Amino acid sequence: YYVDQTTVDTMTEVGLKRLTSAKTVATAWKRLVPDYVAGQTFAIKVNFNNYTHGSADPDPEINSLIEPVNALIRTLVMAGVQESQISVYDVTNAWHSGSMPPVSFVNRCLYPGVNFVYHYGNPNPFSSTEKVVFNETGTPNIPDLAIGNVVVNADYLINMFVPKGHQMTGATLGFKNHLGSVDQCDHVHNYF
């Protein structure tokens, strides 16, 4: 596959400005996060729940691509956010200990100060206190699931989901992307 980074950068910048009726990217972000203060952090949730550490690069049709992530980071940096205050993550831990492909994704990030957070090899991926509680009447028993520390510690969360077909639900959208934000997300599949 080939995705032109410059084209994606332009589309992202134009989209942000049109969405917010702003003349600059910095003004657009100020309108989207009006309470942002320098030093606050952003967590960007991407989707690699189909990737296992050490395996061949995943199918680009069902996993995140680096170009839109680079474009988003570019606009945050243009708005004054430091690279070190940005974490790109997917802490999937279910049938496998999730990771991110180094060659096609992590190593192709244009911003070397950005943090990449995933489950594989992470000594402390999940909060010991912050959990998602499932208590819906009449549904399968789902235990409380710990939330990823990267989410708990972030001031802002950006969900970059990949819409795609799914055999159990028909489609996956933004909420399902957050299965990679909680521990033992395979329990949630019982909900479907």
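A salt bridge is taken here as a side-chain nitrogen of Lys or Arg within 4 Å of a carboxyl oxygen of Asp or Glu, and in this predicted model the side chains of K45 and D90 meet that description, with an N to O distance of 3.3 Å. K45 belongs to strand β1 (residues 42–45) and D90 to strand β2 (residues 86–90), so the pair ties together parts that are 45 residues apart in sequence. Both K45 and D90 are buried.

The whole structure contains 5 salt bridges, and another of them joins R108 to E67, whose closest N and O atoms are 2.6 Å apart. Because R108 sits in the loop between β2 and β3 (115–118) while E67 is part of helix α3, this contact ties together parts 41 residues apart in sequence. E67 is buried, with a relative accessible area of 1%, whereas R108 is partly exposed at 36%.

Helix α3 (residues 66–78) also carries R74, and helix α1 carries E13, 61 residues away in the chain; the side chains of these two residues form a salt bridge at 3.2 Å, N to O. E13 is buried, since its relative accessible area of 18% falls under the 20% limit, while R74, at 22%, counts as partly exposed.

S21, in the loop between α1 (5–20) and α2 (25–32), has a positive phi of about 55 degrees although it is not a glycine, and S21 is exposed, with a relative accessible area of 61%. Q184, in the segment after α5 (174–177), likewise is a residue other than glycine with a positive phi, near 55 degrees, and Q184 is partly exposed at 37% relative accessibility.

Notes
Residues are numbered from 1 along each chain as its sequence is written. This is a predicted model: local features need pLDDT of at least 70, side-chain atom pairs count only at pLDDT 80 or more; totals for chains, interfaces and linings use all residues. Side-chain values use heavy atoms; hydrogens and water are left out. Helices (H or I, at least four residues) and strands (E, at least two) are DSSP runs, numbered from the N terminus. Buried means under 20% relative accessible area, exposed over 50%, partly exposed in between (1.4 Å probe, protein chains only).
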